[in-house]
Amino acid sequence: LVSRGGASSGVSGSFQYSNLTPSDGGSGCGGGGYPLCGPQDSYADQWGLYNRECVSYVAWALVNRFGKYVGHFGGAGNAYEWPSTAPRNSGAVRVYDPQPGDAVILPQSGSFAPIGHAMVVESVSGSTVHVSQYNFYGSGAYSSMDIQNSGVIYLRFPNA
């Protein structure tokens, strides 16, 4: 979850984003192919993560779009927890050379991202990483944006 803002670009600490599409952080449920479109937080998915949250979308995308293995989070699936729980539960490793299909974790960041935020790498061009996500600005919906390769943690999950 990232606090509401509505700007198409911004900076929080060393985290920088731009080209947020749509600029309100959400285009409704079903964007990006994500199928878990009940009312937000109305049920947990197969990974133990609440629907229409950033972490649920990332787990779904890693498995269904990129063929990765993602294990159950067992109650420790907030975005800020992924750097420790994803290696333990899924065999993910921290990497510094992002590539499509990696998870991107924004650590806890004050009121901007109080429980962190999870995204998926779609493409990389130099120091700019294009990501897809759910629930940016608390929208409960799909969006995409460009981020700079700083202030985030990249996790690479094993192939399924």
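Predicted model: local features only at pLDDT ≥ 70, side-chain atom pairs only at ≥ 80, totals over all residues.
Biologist: What makes Cys29 and Cys37 a disulfide?

Modeller: Their sulfur atoms are 2.1 Å apart, and a disulfide requires a pair of cysteine sulfur atoms within 2.5 Å. The pair therefore meets the definition. By this rule the count comes to one disulfide.

Biologist: Why is the disulfide of Cys29 and Cys37 called left-handed?

Modeller: The torsion about its S-S bond is about -90 degrees, so the disulfide is left-handed.

Biologist: How do you know that Cys54 is in no disulfide?

Modeller: The nearest cysteine sulfur to that of Cys54 belongs to Cys29 and is 14 Å away, whereas the cut-off asks for sulfur atoms within 2.5 Å.

Biologist: Why is Cys54 called buried, and why are Cys29 and Cys37 called partly exposed?

Modeller: Buried means under 20% relative accessible area, exposed means over 50%, and partly exposed lies in between. Cys54 has a relative accessible area of 3%, and is therefore buried. Cys29, at 26%, and Cys37, at 33%, count as partly exposed.

Biologist: Why is the ring pair of Tyr34 and Tyr134 called tilted?

Modeller: The ring centres lie 4.6 Å apart, and rings pair if their centres lie within 6.5 Å. The planes of Tyr34 and Tyr134 stand at 50 degrees; under 30 degrees would count as stacked and over 60 as edge-to-face. The pair is therefore tilted.

Biologist: What makes this pair a tie between parts that are 100 residues apart in sequence?

Modeller: Tyr34 lies in the loop between strand 2 (15-21) and helix 1 (54-64), while Tyr134 belongs to strand 6 (residues 128-134), so the pair ties together those parts. Tyr34 counts as buried at 1% relative accessibility, and Tyr134 counts as buried at 0%.

Biologist: Why does the pair of Phe136 and Tyr137 count as tilted?

Modeller: The ring centres of Phe136 and Tyr137 are 4.7 Å apart and their planes are at 40 degrees, so this pair is tilted. Both residues are buried. Ring pairs also link Phe136 and Tyr137 into a cluster with Phe15, Tyr17 and Phe112.

Biologist: How do you know that strand 4 pairs with strand 5 and with strand 8?

Modeller: Two strands pair if there are at least two bridges between them. Four bridges join strand 4 (residues 103-106) to strand 5 (residues 117-125), and three join strand 4 to strand 8 (residues 153-156). Strand 4 runs antiparallel to strand 5 and to strand 8. Ala103 has Val120 as its bridge partner in strand 5 and Leu155 in strand 8.

Note on methods
Residues numbered from 1 in each chain as written. Heavy atoms only, no water. Buried < 20%, exposed > 50% of the residue type's maximum accessible area, 1.4 Å probe, protein only. Helix = DSSP H or I, 4+ residues; strand = E, 2+ residues; numbered from the N terminus. Phe/Tyr/Trp six-rings, centres within 6.5 Å; stacked < 30°, edge-to-face > 60°.
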